[in-house]
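Here is a short note to read beside the model. Please keep the sequence and the structure open as you go through the points.

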Amino acid sequence: MRILSPVDRAAEVPVLLSAGAEELYAGYVPPFWSERFGPVVSCNRRSYAEASVASPEELDALIRAAALRDAPVYLALNASPVPEEMMPRMVEFVVDLARRGVRGVIVSDLPLLLALRDAKFLRLDLHASTLFSPFNGAAVAFLRRAGATRVILARELSTAEIGRIVAESGRTPIEVIGLRGRCPNIEGFCTHLHDDPQRTWPCELRYEKEWIGPGAGVPREILLAMERYEGSDRHYSCGLCAVPLLERAGVHALKIVGRGAESERKTSAVEAVRAMRKWGREAAPDTAECARRGKVLFQEMHGRPCRPENCYFPEFGPGEPSPAREGPPGRKKGRP
Amino acid sequence: MPLEYRYAGPDGDRIGNLPAGVGAAIGSEYCVHLLPGPAELMEAVAAARERHIPLLVLTPYFRDVELRRAVSLFRRIPRDADLDVAVNDWGALLALHDLFPWLRLSLGRLLSGQKRCPRIGISSRLTADGRSWHGEGIFSSGRARSYLREMFGVSGYHVDSLPWGETLAECPAEDDGNSAPLHFIHGPSAIVTLSDACPWICGKSSASVPVCSRPCRDGAVVLKEPSMGEGLVQRGKARFVRTRDPRKLAPSPPSCRMVFYDDLP
C-alpha cells in the first residue's frame, strides 16, 4: 500500500519522499477558472492560496523534483460542476498538465470524467474522488465504466467494508483516506460554503440550539452527539490503527489530507503512516494489536490521547472522551 | 399545472390523507432506516394505485449490504406500477438499472451537484459568477444528461429552487431530439449537509444499527449561528435549510414536478 501525501511547493518534495511518501498530490487553479469564479470557488475545493501551487513554474519544479525519485504527482481538479462551456478549456488544461508530467488528475465531476475518458490520454490516470461518495462496490463499477482508473472511497467505511469492496474491484486500484482532515459530514454530500479566511468551517461552528419536539429541551444524547464536533480540530483526525489491515486487504494507496498545511505537519503525518505500515509488515498484527499500537503512535505524535471525534475507523475502539466544551456558541479559538 | 407530490412519510402512511390528484413521495434521501419495508412498500404501491396517483420513492446512499436489501425491496414492485425512483447513490443507479430496466429512475438531490448552504446567499467573498455557480449541477450538462439517459435510463433530475443558479422551470428541450428530462423541484426545505453518524442514535453510524426505531421522526433541532443567515434545522443525519415553496414558483412547463414537504419546522 502506497503512501500518498499532499504537497504544495517544490521544496517540500524531497522531504516528503524521504519521510516515506511514494505518491504526491497537489492543487493548482488555472487563471481561466479564478478569473471567472473568484477566490472562494476553487476548482480544487480549497479556497485559500496556501493549498494550491503558486504558479506554473512552481508546478513544473515540483513535478521535476518528484520525477527525480520516480514519484507520481496527481493534481486535484475535484470541484463540481465544471460548466459545460468551460469543458473544452478544462480538457485542454489537463492535456497541458499531462505534457508537464502530471501522472493523474482527481475529479469529482461526472461530465469532466467522461470528457477526459473520451480524450483517450495514453498515460494519465483518472482518479474518481471521494466526492462521488462511493460507499459500495457497484459505485466503483459505475465509476470505472465512466472512465475512472482509480477510485477513492467514502471516508465513512469500515476496514471490513473496504476489504470487501477491494476484493470485488478487480484491477481497479482503490484508495482510502486515512489521516488528518476527517469531516464530520459525508464530504460528497456536503454543500456548505467554506469561505472563512480563518478556516473555521460550518461543521465546526458552535450553534445555538432549540428543540422542536416533546420534552423541555434538546435531549442530552442528541446534544452531546451534535456538540462532539463543534470546536474540534481536524488536524487530529487519525486512522493509524487501520493501516496494517488496509494494506493486508489490498488497498492501493492511503491518502493523507493536508494541502495547505505546514510542511512539518505533512512530514510528521507521512512518518507516522510509514512507521505504522512498517510495524504492521513485521508484526502481522490482529485488530486489537493494531488498536493499541495506533493509539501509542497517536500519543507520540500529538502528545495527547486520541478522541472519538477524530477517529476514521471507530471499530478500533473509542479514544478518550472529549473534554467539556467551554465558551459560547460561535467561532473556535486558536485557528491560525 | 405541473403535477404535485407531497411527502407522505417514510412508509407512506399518510397517502390516505393526500388531496385528490396529488402524488405521494415516500422513503428518504438521506437514511436507509427511513426506507419502507417490503410490506409497507407494497401497501404504498396499492394505496397509490387505488387513488390513481403516481408514487415517488426516495432512496439514500447505500453500503453493500444495504444495497442488497434495497434490491430485494425493489424486486417486489410490479412492473406496471406508476412509480419513479429518486436515486442518490451511483452504485444503486447501476444496480437498479441493470436489474430492473423498466423502473423510471431519476437522479436525486444529493447527486445533483447543487450547493444549498445559506452562507452562499450572504457571503461577501463570492462574486456574482461564483454565487451562481453554486446553483448549477449535473442537470446543466448535456453530456451528463445524454450519458445518464443512454446508459442508465435516467429520465429526471431532483433539484431545489435556489436563489442562485439557473431558473429550472426554463430548461430547454434536448437538442438531439430527445424530450426534456423531468425536473422534480423540491421544497420548502433543502438538504445542506449529511453525516453518516446520527445524533439521534448517540452519534453512531447508521450502519452500526441493524434496525432503527426512527427516533428522528419525533423532533428536530433548530441551529442558529450569525454567519449562517436564517439558520438550519437538523433532523437525524441531515441538516436542512428553508427554501421556497415549489408550488408558488412561476408557472412551469409540463416537464416540471413539485415535491412538497411539511414535516420540518
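1. With which residue does A:Glu23 form a salt bridge? The partner is A:Arg150, and the closest N and O atoms of the two are 3.0 Å apart. A salt bridge here is a side-chain nitrogen of Lys or Arg within 4 Å of a carboxyl oxygen of Asp or Glu. The pair links distant parts of the chain, 127 residues apart. A:Glu23 sits in strand β2 (residues 23–27) of chain A, and A:Arg150 in strand β6 (residues 150–152) of chain A. Helices (H or I, at least four residues) and strands (E, at least two) are DSSP runs, numbered from the N terminus.

2. Some ground rules. This is a predicted model in which local features need pLDDT of at least 70 and side-chain atom pairs count only at pLDDT 80 or more, while totals for chains, interfaces and linings use all residues. Residues are numbered from 1 along each chain as its sequence is written, chains are lettered from A and ligands numbered from 1 in the order in which they are written, and side-chain values use heavy atoms, with hydrogens and water left out.

3. Back to the pair. Both A:Glu23 and A:Arg150 are buried. Buried means under 20% relative accessible area, exposed over 50%, and partly exposed in between (1.4 Å probe, protein chains only). The two residues also belong to a network of salt bridges, linked with A:Arg2, A:Glu175 and A:Lys255. Over all chains, the structure holds 43 salt bridges.

4. Two other salt bridges deserve a look. A:Arg117 bonds in this way to A:Asp118, with the closest N and O atoms 3.1 Å apart. A:Arg117 is partly exposed, at a relative accessible area of 31%. A:Asp118 is partly exposed too, at 41% relative accessibility.

5. In chain B, B:Arg247 forms a salt bridge with B:Glu4, and their closest N and O atoms are 3.6 Å apart. This pair also joins distant parts of the chain, 243 residues apart. B:Arg247 lies in the loop between β13 (238–242) and β14 (256–260), and B:Glu4 in strand β1 (residues 3–7). Is B:Glu4 buried or partly exposed? B:Glu4 counts as buried, because its relative accessibility is 16%. B:Arg247, at 32%, counts as partly exposed.

6. Now the strands of chain A. Eight of them close into a barrel in the order β1-β2-β3-β4-β5-β6-β7-β9, and the pairing is parallel. Two strands pair if DSSP finds at least two bridges between them. Neighbouring strands of this sheet are turned by 30 degrees against each other on average, direction ignored. Axes are lines fitted to C-alpha atoms, for helices over the stretch in contact, and angles run from 0 to 180 degrees between N-to-C directions. β6(A) pairs with strand β7 (residues 174–179) of chain A in the parallel sense, over two bridges. A:Val151 has A:Ile174 in β7(A) as its bridge partner.

7. A:Pro244 is found in helix α9 (residues 243–249) of chain A. A:Pro244 is buried, since its relative accessible area is 4%. Its C-alpha atom is separated by 18 Å from that of A:Ala19, 225 residues apart along the chain.

8. On a 1 Å grid over the protein atoms alone, a cavity is a set of points where a 1.4 Å probe fits but cannot get out, and a pocket is an open set with protein on both sides within 12 Å along at least five of seven lines; lining residues have an atom within 4 Å of a point. Grid points are joined across faces, edges and corners, and a volume is the space filled by probe spheres set on the points. The structure holds eight cavities of 30 Å³ or more.

9. The largest cavity has about 330 Å³ of space. Of its 26 lining residues, A:Ser80, A:Leu131, A:Gly188, B:Leu110 and B:Gly113 are the closest to its centre. The second largest cavity has about 200 Å³. Its lining counts 16 residues, with A:Pro184, A:Asn185, A:Tyr229, B:Ser195 and B:Arg239 nearest the centre.

10. The second largest pocket has a volume of about 820 Å³. It is lined by 39 residues, and A:Pro314, B:Gly203, B:Lys204, B:Ser205 and B:Ser208 are the closest to its centre. The largest share of the lining, three residues, comes from α2(B).
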